[in-house]
Amino acid sequence: MTAKKHSVGEHLRDQGVSRRAFLKFCTASASLMALPPGLIPAMAAALEQARRPSVIWLSFQECTGCTESLTRSHAPTVEDLILEMISLDYHHTLQAAAGEAAEAAREQAMKDNFGNYLLIVDGSLPGPDANPGYSTIAGVSNYAMLMEAVEGAAAVIAVGTCAAFGGLPEAAPNPTGAVAVMDLIKDKPLVNVSGCPPVPMVISGVLAHYLAFGRLPELDEYHRPLAFFGQSIHDRCYRRPFYDKGLFAETFDDEGARAGWCLYRLGCKGPSTYNACATMRWNAGTSWPIEAGHPCLGCSEPRFWDAGSFYAPLSVPTDLSSTQVLTAGAAGALVGGTVATLARRTVETAAASRQPVTADELEQTL
Amino acid sequence: MTALTDPMGFLLFTKGPLFNIAIAIFALGLLARLAEILLLGRRPNFAEPRAGEWLPGLRTVVTRTLPDPGTFKRAPFNVVTGLIWHIGFLVALLLFIPHIELIKGLFGVSWPGLPNPFVDLVTAVTLVALAATLVHRLNHPVKKRLSTVEDYLVWTVTFLVVLTGYLAYNRLINPYPLALGLHILSAELFLIILPFTKLTHIFTAFIARWYNGASFGRRGVQS
């Protein structure tokens, strides 16, 4: 607990982080968020002075992939630095405490830092109308725990697509009545860091921005930080020239696939997906899905599990029912046939009841 | 969490349920029209045919599709602009790779496409030609009086399909799911009104041309 009384700068020095590494982190974060270079010293100074904030990390209906993403990145990285910058007071996977001690730590941190702590949520949660028994922690429903924790939070960061948009638990038929964090929290500053999992540097970038400037970064309409989600995968894809030239891989092992051509025809959702993979890449900048030869799944977008096959091109309808089309066609043919039959019958009836009149007869009527 | 009002919800609605509705209305309407036309039949002709029907019929399909010198002399603008945008529309519809993938997804058949920048250029030309047809229609004293609400409706929907496609490909509307959703929505409107407006000519024009030629052929008249 004493660590929290330190400023970030003091704490980093205690941990043996050099000034040089710290400045490198500030430069990287500033450039990732497209901040002007002039802001780097200001960011460094602000971070140096910032009090390490208490962070409560709630894990609900999730797979721990988001935590894996943040912690398993190649060390030492900026992500390590950010973990030094915050005081992570409660996190199932990372904390040493268990059971009642863990819950007590959470309650203590919430009490000590009321109004000031950051609440990070990963995973969706059964909504207020759903059966709370689908996901509980220490006998407390996810919904009750979130509502209690959000009371004293300064801001909420929904990490991962499940927390941001509902993700896999919310996919049809959504058996647990899962909802996203932003469906429940309307009156607190909220950032969605979507992705399955999110790019680790995006999580750390948002935290650094909050620490340095005391506010959340600029957001898009899905509450995602624009600096990372402002451009689509397609627009930043190194395979884009092949799309523009009309050169596409048609199978995973054809000549086009080996030559690194565009993966649109193999189902790439890059054109409709907004994320930072194409610029930041994964595993300390080693590669990213499209570079590895796999189409983008669109994991940082809402309802990506329900958006049709991962391997169907973006232009293909998601759930075309051929029976419906055939039935409609058959019904149409029936309607057309009936109309034609009726028309023929009218003609035949008219022909049968025709009463021929000669010109002489007509003249007599005059 | 998504609703119809957010871009991805809108795109998934147009790609999912709405597409099913549109294609069902299209299939129902088109088959009703075609079945009516084909089943209505013609009065039996008991005269001995002077020549075959099929070859003259097919020949007329070609000759009436190509502009004849007389029509060109009378209405060069109609012939040139009409041909340009019809060909452009067909190229964009049938030879753009994402459209080929859509057709492959629906019917399982596919063919080679054209490079995207070429289709993009053709689409731009088509848009200009379509705009020119509207200006011409509004300025031509006779055509202006002949034009009905249906003519303007068909023009608008056709233009919207091409325009939204162009905007989506060039990523001029953001975010992209909104752009693509708008394009799919216009295409669905096109499909829905197709069987009930003069757009039916897409399917009936060639039947009518064949019928004319076949009728000429039977009577031994040049087709």
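Leaving aside its neighbours within four places in sequence, which residues is A:Leu219 in contact with? To find them, select A:Leu219 in this predicted model; its partners are A:Val191, A:Arg224, A:Pro225 and A:Leu226, where contact requires C-beta atoms, placed from the backbone, to lie within 7 Å. Residues are numbered from 1 along each chain as its sequence is written, while chains are lettered from A and ligands numbered from 1 in the order in which they are written. Because the model is predicted, local features need pLDDT of at least 70 and side-chain atom pairs count only at pLDDT 80 or more, whereas totals for chains, interfaces and linings use all residues.

**The loop at A:Leu219**

A:Leu219 sits in the loop that connects α11 and α12 of chain A. Helices (H or I, at least four residues) and strands (E, at least two) are DSSP runs, numbered from the N terminus. A:Leu219 counts as partly exposed because it has 16 C-beta neighbours inside 10 Å; a residue is buried with 20 or more other C-beta atoms within 10 Å of its own, exposed with 12 or fewer, and partly exposed in between, C-beta atoms being placed from the backbone. Next, select A:Ala154: 65 residues in sequence and 17 Å in space, C-alpha to C-alpha, separate A:Ala154 from A:Leu219.

**The domains of chain A**

Colour chain A by domain: domain 1 (53–229), domain 2 (233–306) and domain 3 (322–347), with bounds from an automatic or database domain assignment. The centres of domains 1 and 2 of chain A, taken over C-alpha atoms, are 28 Å apart. Their contact involves 17 residues of domain 1 and 14 residues of domain 2. On the domain 1 side, α8 (161–165), α11 (200–213) and α12 (226–229) of chain A each supply at least two residues. By class, that side has eleven nonpolar, six polar and no charged residues; Ala, Val, Leu, Ile, Met, Phe, Trp, Tyr, Cys and Pro count as nonpolar, Asp, Glu, Lys and Arg as charged, and the others, Gly among them, as polar.

**The boundary with chain B**

Now display both chains: 42 residues of chain B are in contact with 47 residues of chain A. Select α2(B), which gives the most to the chain B side, with 16 residues.

**The nonpolar core**

Finally, show the largest nonpolar core, with 123 residues, in which A:Ile56, A:Leu119, A:Val121 and A:Ala158 touch the most other members. Such a core is a set of buried Ala, Val, Leu, Ile, Met, Phe, Trp, Tyr and Cys residues joined through C-beta atoms within 7 Å. Its largest share, eleven residues, comes from α2(B). Domain 1 and domain 2 of chain A both give residues to this core, so it lies between them.

Technical notes: Contact = placed C-beta atoms within 7 Å.
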